[in-house]
Amino acid sequence: MGKKLEKLEAIRGFAALYVVFHHLFASGLVIGGINFSFLFRFGQEAVILFFILSGFVISYSFEKAKDKRFSLFFTKRFIRIYFPLLIVFILHYLMLSYQKGQWVFVQWKHLWGNLAMLQDNYHTKPNVITGPFLDNDPLWSLSYEWWFYMIYFVLYRFQPKIRNTVVYGLGIVGALTYIYYPNFLNREVMYLTIWWMGVEMSMLYLKGQPLSFQTLKSLFLVLTCIAVILTFPIVNQWATLKVNLGVVLGKHPILEWRHFVFTIGITGVALLWKKLKWIGFQYTFAPFQSIASISFVLYISHYFLITQAHYLDSFGWPYGLQLLIYFGGCLGFSFVLERKIYPAFYKFVMKKCFPPK
């Protein structure tokens, strides 16, 4: 992507690490008699942050690229997602089999569904085609990302005003149909509007236009409309939902509403912070920039390498020590795969498939 945008990188690193802590501590973190778990209960919001950042980065990179062939675009995106993912699949299967002391039965529907990028979290949303392979929960978001990429390439052929209108229209229609029959397709086009916030911001940035509420007002309006539409099933089911509100906050129909409200809120905060010249950024998010370069593998591997790992139990070591080893192992694996193996494989494929003229 040329010179990396440091603030985006730092936020990406923070979001990846936050998701790890979410899966570790959201259910309980007591220090000095105080439960701090509430600080880590927003893993879903961190993923939505990934969506916005992804939209910015993909649009920025593609606009800057000289070669805009679909074959090149597809190959780059395919390698970026699938190469680390397949290695994670294999490692997860081997580790799970080792921990259980026998070869784990493979749910082929989940495997093929994940390879086709049709997975989602069936614990939180209705009418899901298939769950994440081996119950690696963070993988739910990859299906959205993949189809956002493909839709983006198709829409790129349109004029900017037309493609924005198409995205807005699909988002509204998706939301309206979602309240009657939620499914993979209307979820995808509805959530595309969240990803598109990043796309629109990148376009404004590349054109040297200001990023403000005024320049993004149309998309803010669309996101607000979708959030309002998604309140209807919540109101209709409120009598049932309020009985166990702490649980249903992370499930349909409240979960989807949360995603859109957060998108509106976090984008607004970012625009205000930008206007304040990012005061305090260097002391808050900037230190996480070092995590950004391994964030993808960290995201897709931490659930089984840290959260669900228990291969050290037989040693009888304190949990804190085991957790440090699990964490260090995951960081090491992420570094090797993301910074060493993946770049070498990428260069090899690019050289073979798209040799320099």
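Buried means under 20% relative accessible area, exposed over 50% and partly exposed in between, computed with a 1.4 Å probe on protein chains only. The legends below describe a predicted model, in which local features need pLDDT of at least 70, side-chain atom pairs count only at pLDDT 80 or more, and totals for chains, interfaces and linings use all residues. Residues are numbered from 1 along each chain as its sequence is written, and side-chain values use heavy atoms, with hydrogens and water left out.

**View A. L134 in the loop between α4 and α5.** L134 lies in the loop that runs between α4 (108-115) and α5; helices (H or I, at least four residues) and strands (E, at least two) are DSSP runs, numbered from the N terminus. L134 is not a glycine, yet its phi is positive, at about 55°. With a relative accessible area of 12%, L134 is buried.

**View B. Helix α5, residues 140-156.** Helix α5 has 17 residues and reaches 25 Å from its first C-alpha to its last, close to the expected 24 Å. The expected span of a helix is 1.5 Å times one less than its number of residues. Of the 17 residues of α5, 14 are buried, so α5 is largely enclosed by the rest of the structure.

**View C. Helix α1 and residue I11.** Helix α1 (residues 6-25) has 20 residues and reaches 28 Å from its first C-alpha to its last, close to the 28 Å expected at 1.5 Å a residue. Because 14 of the 20 residues of α1 are buried, the helix is largely enclosed by the rest of the structure. I11 is found in α1 and counts as buried at 16% relative accessibility. Leaving aside neighbours within four places in sequence, I11 is in contact with L49, L53 and F281, where contact means heavy atoms within 4.5 Å. The C-alpha atoms of I11 and F281 are 9.9 Å apart in space, while the two residues are 270 residues apart in sequence.

**View D. Packing of α1 with α15.** Two packed helices are described by the angle between their axes and the distance between the axes. Here the axes of α1 and helix α15 (residues 295-307) come within 10 Å and cross at roughly 15°. Axes are lines fitted to C-alpha atoms, for helices over the stretch in contact, and angles run from 0 to 180 degrees between N-to-C directions. The angle makes α1 roughly parallel to α15; angles under 35 degrees count as roughly parallel, over 145 as roughly antiparallel, 65 to 115 as roughly perpendicular and the rest as oblique. The crossing of α1 and α15 is right-handed. A crossing is left-handed if the near helix is turned anticlockwise from the far one by less than a right angle, and right-handed if clockwise. On the α1 side the contact is made by R12, A16, L17, V19, V20, H23 and L24, and on the α15 side by S295, L298, Y299, H302, Y303, I306 and T307. By class, the contact of α1 with α15 has nine nonpolar, four polar and one charged residues. Ala, Val, Leu, Ile, Met, Phe, Trp, Tyr, Cys and Pro count as nonpolar, Asp, Glu, Lys and Arg as charged, and the others, Gly among them, as polar.

**View E. Packing of α6 with α7.** Helix α6 (residues 160-178) and helix α7 (residues 184-206) pack at an angle of about 150°, with their axes 7 Å apart. That makes α6 roughly antiparallel to α7. The crossing of α6 past α7 is left-handed. Residues of α6 in this contact include R163, N164, V167 and Y168, and those of α7 include N186, R187, W196 and E200. The contact of α6 with α7 has 10 nonpolar, six polar and three charged residues.

**View F. Packing of α7 with α12.** The axes of α7 and helix α12 (residues 254-275) cross at roughly 15° and come within 10 Å. The two helices are therefore roughly parallel to each other, and α7 passes α12 in a left-handed crossing. M190, Y191, T193, I194, M197 and M201 of α7 meet E256, H259, F260, T263 and T267 of α12. Six nonpolar, four polar and one charged residues make up this contact by class.

**View G. The loops on either side of α12.** P253 lies in the loop between α11 (245-248) and α12, and the peptide bond from H252 to P253 is cis, with omega near 5°. W278 is placed in the loop between α12 and α13 (281-284). Although W278 is not a glycine, its phi is positive, at about 55°. W278 counts as partly exposed, at 23% relative accessibility.
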